[in-house]
Amino acid sequence: MPLCAIEPLIPHRAPFRFVDAAVHVDATGGDFVITLSPDDERLTSGYLAPLLLVEALTQSAAAWHGTRQQTEETGVLAQIERARLYGAARGGERVLLHVERERVLGNLARFVGSARRGDETLADAVFTVRRGDAAMGTP
């Protein structure tokens, strides 16, 4: 899949959208990017807080799901099983976000993901998403 816009795939909007484009998507996961300009409003003292990279990974999973669905199905983050934060992204950098769907159980999908700057891992996480409208209790 060529580089494609994320906006049609997830409901997040600026400044809380942390995924800019899809680079590659296949049956089990994909690669996405966030590009930070030096004057990006999401930066604090020139850096993106590492915890926000975990949010970017969960948004990547949502975007992956959006590329695979023909409906406007919703989902919510149900659990972060593990998140490790190693470093912050800086303004002017491009961060590669990789997510893989590890398994599905009913409306739950477990993902593993990593945020990388070149060969350096900035964050990784294991998290579960519940598909369906959790607020309304429907699948």
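Predicted model: local features only at pLDDT ≥ 70, side-chain atom pairs only at ≥ 80, totals over all residues.
Residues are numbered from 1 along each chain as its sequence is written, and side-chain values use heavy atoms, with hydrogens and water left out.

The chain holds one helix and nine strands, where helices (H or I, at least four residues) and strands (E, at least two) are DSSP runs numbered from the N terminus. Along the sequence they follow the pattern β-β-β-β-α-β-β-β-β-β. Of the 139 residues, 39% are buried, a term that stands for under 20% relative accessible area with a 1.4 Å probe and protein chains only (exposed is over 50%, partly exposed in between).

Seven strands form an open sheet in the order β1-β2-β3-β7-β8-β9-β5, with antiparallel pairing; two strands pair if DSSP finds at least two bridges between them. At the edges are β1 (4-5) and β5 (75-85), each pairing on one side only. Nine bridges connect β5 with β9 (residues 120-131), and one bridge brings G75 together with R131.

Strand β8 has antiparallel partners on both sides. Nine bridges pair β7 with β8, including the one between E100 and V112, and ten bridges join β8 to β9, with R116 and T121 as bridge partners. Both pairs form hairpins with two residues between the strands: G106 lies in the β7-β8 turn with a positive phi of about 60°, and G118 lies in the β8-β9 turn with a positive phi of about 65°. Seven of the ten residues of β8 are buried, so this strand is largely enclosed by the rest of the structure.

The helix α1 (residues 50-68) lies across β2 (21-25), β3 (29-35), β5, β7 (94-105), β8 (108-117) and β9, and runs at about 50° to β9; axes are lines fitted to C-alpha atoms, for helices over the stretch in contact, and angles run from 0 to 180 degrees between N-to-C directions. Its 19 residues should span 27 Å at 1.5 Å a residue, and the end C-alpha atoms are 28 Å apart, which agrees; the expected span is 1.5 Å times one less than the number of residues. Among the buried residues of α1 are L53, L57, A61 and W64.

What lies inside? The largest nonpolar core has 30 residues, of which F32, L48, V95, L97, F111 and F127 touch the most other members. Such a core is a set of buried Ala, Val, Leu, Ile, Met, Phe, Trp, Tyr and Cys residues joined through side-chain atoms within 4.5 Å. Two or more residues come from each of β2, β3, α1, β7, β8 and β9, and α1 gives the most, with seven.

Definitions and conventions
Contact = heavy atoms within 4.5 Å.
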